[in-house]
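Dear colleague,

Please find below the structure I promised to hand over, together with its sequence. My findings follow directly after it.

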Amino acid sequence: MEIAFGKSGGLLPAIVQDFRSGEVLMLGFMNDVALAETRKTGEVVFFSRSRQKLWKKGESSGHVLKVRELRIDCDADTILARVEAVGPGVCHEGYRSCFFRVLDETGEGRVTERKTFSPEQVYGGEEKR
């Protein structure tokens with residue numbers, strides 16, 4: 001299948017979803033090399049826009065994402081990685097999911113989830129993404 005990496009300058013959004021619960025855990029970006037590495041290793045690899053390099057989710061935390069299924073949308077420009085999340089969470093702020101806030105009617109973000117791990121203990125003083 002031809003995947004449309006050229007539509008967005010070589011990077012496609014990659015939605016990460018828990019394969020059992022259906023919960024959306026995070027959003028990252030993949031280029032063709034990241035997708036190839038993901039398929040080769042069976043663990044999700046992204047392209048970091050801020051660092052301009054590949055990074056395997058969990059490389060510093062140990063909270064890896066084991067691929068159970070990869071899907072592509074109808075326009076072939078978005079990837080859905082259905083995964084088994086290893087570890088207590090995927091968010092660098094200490095939550096199971098990066099989507100731990102609800103926007104209220106005024107547009108304010110309200111935290112609705114509990115932290116599942118201490119980012120300071122996992123990453124030290126340095127913030128990781």
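Phe-99 counts as exposed because its relative accessibility is 51%, and exposed means over 50%. Please note that the model is a predicted one. Phe-99 sits in the loop that runs between strand 6 and strand 7 (101-103). Together with Ile-15, Val-24 and Leu-27, Phe-99 forms a nonpolar surface patch, whose accessible area comes to about 330 Å².

Ser-97 belongs to the loop between strand 6 and strand 7 as well. With a relative accessible area of 5%, Ser-97 is buried. The side chain of Ser-97 reaches the backbone nitrogen of Phe-99 at 3.0 Å. Apart from residues up to four places away in sequence, Ser-97 touches Glu-23, Val-24, Leu-25, Val-90 and Cys-91. Although 71 residues separate Ser-97 from Met-26 in sequence, their C-alpha atoms are 6.2 Å apart.

Beyond its neighbours within four places in sequence, Met-26 has contacts that include Ala-14, Val-16, Phe-46, Leu-65, Cys-98 and Phe-99. Met-26 is also one of the residues that touch the most other members of the largest nonpolar core, which has 20 residues; Val-16, Met-30, Val-44, Phe-46, Leu-65 and Val-83 are likewise in that group. At least two residues of this core come from each of strand 1 (12-18), strand 2 (24-30), helix 1 (32-41), strand 3 (45-48), strand 5 (65-72) and strand 6 (79-85). Strand 6 contributes the most, with 4 residues.

With kind regards

Terms used. Residues numbered from 1 in each chain as written. Predicted model: local features only at pLDDT ≥ 70, side-chain atom pairs only at ≥ 80, totals over all residues. Heavy atoms only, no water. Core = buried A, V, L, I, M, F, W, Y, C linked by side-chain atoms within 4.5 Å. Buried < 20%, exposed > 50% of the residue type's maximum accessible area, 1.4 Å probe, protein only. Contact = heavy atoms within 4.5 Å. Patch = residues over 30% accessible without salt bridge, like charges linked within 9 Å, V, L, I, M, F, W, Y side chains within 5 Å. Areas by Shrake-Rupley, 256 points an atom, 1.4 Å probe, with all protein chains shown as cover. Salt bridge = Lys/Arg side-chain N within 4 Å of Asp/Glu carboxyl O. Polar contact = N/O pair within 3.5 Å; in protein donor to acceptor, adjacent residues only side chain to side chain.
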